[in-house]
Amino acid sequence: MAVLTYIPNNASARDWRDTVNALIKRVDALDAAGIPVATPAPAFTTQPSISPTSGTAGSTVYAATPGTVSNGSVVSRAWLLNGVAISNGVTAVPASSGTLTYQETASGPGGTTTSTVQVAAVTAAATAPTPAPSFTSQPSISPNSGTAGATTFAATGGNVSNGSITSRSWTINGTVISTGLTASPASSGTLTYQEAATGPGGTAQSTVQQVTVASAAAAAPAFTSQPTVSPSTGTAGTTTYTATPGAVSNGLITSRAWALNGSTISTGLTTAPASAGTLTYQEFASGNGGTAQSTVASVTVSAAANGTDFTMTQLAAPNRIYQRQTVTGGGQGKGVGTIPVPVNVSALGTPRFRIRASDGTILQANTALPAFTATGTQTLQVTGVDARLGWFYVDLSVDGTTWQNGTVLVGMGSLTAVSGQSLATRMFTARDSQATVTIASTGVSIPANTSCFAQALEPTATAAALPSWGLIAEGTGPYNSAFAAEYLGNRIAATGVNCALVGYARGSQSITRFVPGGADSAGLRAALDAVGGFETFIWMQGHTDSLAGMSSATYQGHLSSLFTDMTARNAIRGSNYNKLLGTIPNITSTAWGTPAQILTIRSAASAWAAANGGVRINAQDIELYDGVHQSQAGSARLADHFYRASRPGIGLPGDDSGPSLASGARAAGAVDIVLPVTYPTGATALVSVGTPANRFSVFNSGSMTSPLALDSTTPITIGSSSITLRLAAAPADTQALDVYAFAPIDAANGQSNAVYDNHTDGDGITRGRQLMATLSPVVVAAPGGGGGTPIKVGPDLTVTGTPVYQAGRTNFGQERTAAGYGRAASGTGIDVLIATQTWTMECVIALDTGPTAVKVVGGISKRGWIGVAAGGKLVANYQSTASTNGDVYMNGTSPTGDGTNPIITDGARHHVALVVTPSGGSLYVDGILIGTSATAPSTTVGNSVFNLGAYQNNASFVFPGSIDEFAVWTVAKYTAAFTPRTSPLVGNEAGLSALYHLDGDMNAATYIA
């Protein structure tokens, strides 16, 4: 027998038989020997199917057609809806929508196997809407008209389907008066009735029914007896007339009026007319039925017996300007004041005044003053004189017909008082080499309608009893300073009234000479008592006390004594005046104290002003002719500083405060010192004049000797948001530095080298405000402590756009405030640094308005980020383990700000920290825990690189507010409420993985290991 090891295509039937028999024998032999023979596994020869493949939850029955199995049989079936088992038979009826799957399991001697999964869709069953209630018939009211206080109106309710009537409302003229089926209006007008119905399907309102309610007729008031006046005759200025009221029915007397020659002079029961003419009296009554007038009672007022009962002495001082008592009101809207006029009264009467221009125009009409009460020589207080721009005469009369005309031109307006030492004297008088320098040569015009009244004395000069009023003029006169011309010209433009500069000053004197009891106190008091008052007081002094080493506390104590005395001297305005201090502007002379002594006096004045409602001006750009005193050009510049400082006191925007420096930073090994700039309101840029590098001084911290040299090529760079000083050599990384702007003693002329901002407030001065001088050093911390290796905390970021930086919180340098963002390169580390289940992301942010869409402060897509939603709510996100789309939003469900996080668009800086641990997340705002989540975070890496100021490299997410001190940790930095830091992170803190100070760039922070 031929046994084939393989069967060819042409094998005969005999060969087939023999081969099969041989195989059977071999199997029998193996079985006899106890060797097992493998049994084939079951297999689906046909797969199961389900129908239908789609249907509706709760109604569709899904049926399975089983598959066919070889080497076994189907032993179990499983229907799953959204992954949850709902049946193990051949049919299933899903109760809710989702994905329905069916699978069979077969088993046999050779093992088990499963069929392919069959899938069907289940849609939600449609819900029939509940019909809303509706009125099948509308309510009605009756009667259809009526009278207030008499008629009761009744409603017939409407009929409602799908609901019932739940409320009723009667209104009269829009005011609800009843909620029942009846209403009785007490007043006339339009009466409305409306019903509201409620049912399962919502609410409905009936149509509004309305009727008109008429007023009840009321009787008109009437005078049953007329008023009378007594006496029937009298004399102007002496007789008091009294009215006896009439009687009124159906009403009350509501007003009275006395009129002299047609002009109302009183509304009471008595009057004392000041001039002759016809005096009338009438009463007016009102009631529910209308109004009524009495008859007019009339009497005659005779003139005083003597029409020329006083003589006027002409005013003593031409060009004098009187201080107004108010700054608003009066005929010009600019306030009024009083002018004392000497008179000799021979007979009592009522004086009158008028104000007359030099061309005869009557500026202020005939106005009565209080009657004289005594005869003889006295001072008539001419009150109510309008403040105005221009000179005028004061005329007096007793009867308004015969006038005694004034012959001396005066003005009514605003006075500024000045005192101090030699720089104050030059506010009135140009001295030394400047005595022959004209005001015109400085570009300043002498303004009309101004004058001066001052004693500006040299150190040993003898004071006169009183100064004299005079006009500003070129030449050698007492009032030839460009300061007076520029300052008063600006004040006139601002106030619209005549302006004067008054005061008393003496060169080379301590403040102790001017306080009460001092040698110059009497002269100062006499000058101010003579003018009676002032709106602004300028104190310009300090050099002598700097040289003497006077302490800050002592100087401030003397300032308090001085200004207390000035308030007492201000008879017209009391404490209502501007206090302006100008202690020691820029100085190149070394004869008036050390830098520290000068700064002491400057700081004392600044501190006193801040505590007492004053202003110390920031004048560091004054041209000097001898290293101490202002030239004529310097006087004009000094005047601009004082004028700007005075503007808030007259209700105008702006002041003398310019950009300021409060912090600085230097990187390890670097020669550059970056000084962030804080701008005043309205300023957006810096403008440099000349070479301002020599106005800055850098010292080793704690010293003001041996300043560090600046780079000879590029010593200073003026940026949009910072000033960078470049040193000639880098100090040790362990050395902290002190930086001063405009520190004494100045090395060059201040007016030639300066830094300003670009804002002028429309004040007529073309340059901006000067950079503020530092009264104490800007301390630049040492960048490293041991001279070791610089370590960068995280990767530097590639910048997109143009970020803007500004001075941030105290001690924190700058902050990124608008536009632009940074992004890390893939693989630099920050894209995976929080690929752990424990991490913290924190920053300080500020935003003053809510964005229109979500904006991102920083973070990584599908890992975690912090932002602000439309409307201003904080958003904090991290990825959960649920799936690649498992977003967890702290206190919410989406990036739209739907949750309970606070709105933080209040303009204030807020510290935000998102802490993630294996057990979930925690969100802190300003150190306070505001929310937690128990959802575990993902351990996978985000699907984008880290962004700071945006998200996924997408400019539409750029954060529009400020960002500072952005840090990422691989530890749970906060586990309970905490106080946010008041100083920056160093970079070597445990667990800190990335740190961005944002001090003018988006580079990672660096520390010295």
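Which residues in H3 are buried? They are Ala 482, Phe 483, Ala 484, Ala 485, Glu 486, Tyr 487, Leu 488, Asn 490, Arg 491, Ile 492 and Thr 495. Buried means under 20% relative accessible area, exposed over 50%, and partly exposed in between, with a 1.4 Å probe and protein chains only.

## Basis of the model

This is a predicted model, in which local features need pLDDT of at least 70 and side-chain atom pairs count only at pLDDT 80 or more, while totals for chains, interfaces and linings use all residues. Residues are numbered from 1 along each chain as its sequence is written, and side-chain values use heavy atoms, with hydrogens and water left out.

## Helix H3

Helix H3 covers residues 482-495. Helices (H or I, at least four residues) and strands (E, at least two) are DSSP runs, numbered from the N terminus. The 14 residues of H3 reach 20 Å from the first C-alpha to the last, close to the 20 Å expected at 1.5 Å a residue; the expected span is 1.5 Å times one less than the number of residues. H3 is mostly covered, with eleven of its 14 residues buried.

At the N-terminal end, Ser 481 caps H3: a side-chain oxygen lies 3.0 Å from the backbone nitrogen of Phe 483. After the helix comes Gly 496, whose phi is positive, near 75°.

## Packing around H3

The buried residues of H3 pack against strands S42 (411-420), S43 (450-457), S45 (498-506) and S46 (536-540), and against helix H8 (632-646). Contact means heavy atoms within 4.5 Å.

Ser 635 is found in H8. Ser 635 is buried, with a relative accessible area of 2%. Leaving aside neighbours within four places in sequence, Ser 635 is in contact with Arg 426, Ser 481, Ala 482, Phe 483 and Gln 630.

## Sheet and hairpins

Seven strands form an open antiparallel sheet in the order S59-S62-S71-S64-S65-S66-S67. Its edge strands, S59 (798-800) and S67 (887-889), each pair on one side only. Two strands pair if DSSP finds at least two bridges between them. Within the sheet, two bridges join S62 (residues 821-823) to S71 (residues 947-948), and the bridge partner of Gly 822 in S71 is Leu 948.

Strands S37 (residues 352-356) and S38 (residues 362-368) pair in the antiparallel sense over four bridges, with Phe 353 opposite Thr 367. S37 and S38 form a hairpin with five residues between them, and Gly 360 in the turn has a positive phi of about 95°. Another hairpin, with two residues between its strands, is formed by S20 and S21. Four bridges join S20 (residues 189-199) to S21 (residues 202-205), which run antiparallel, and Thr 198 stands opposite Thr 203.

## Pocket and cavities

About 980 Å³ of space lies in the largest pocket. Of the 32 residues that line this pocket, the closest to its centre are Gly 664, Ala 665, Arg 666, His 997 and Asp 999. S50 (672-678) and S74 (1006-1008) are the elements that give two or more residues to the lining, and the largest share, three residues, comes from S50.

The whole structure holds two cavities of 30 Å³ or more. The largest cavity has a volume of about 50 Å³; of its 13 lining residues, the closest to the centre are Leu 874, Met 890, Gly 892, Ser 894 and Asn 901.

On a 1 Å grid over the protein atoms alone, a cavity is a set of points where a 1.4 Å probe fits but cannot get out, and a pocket is an open set with protein on both sides within 12 Å along at least five of seven lines; lining residues have an atom within 4 Å of a point. Grid points are joined across faces, edges and corners, and a volume is the space filled by probe spheres set on the points.

Note on methods
Polar contact = N/O pair within 3.5 Å; in protein donor to acceptor, adjacent residues only side chain to side chain.
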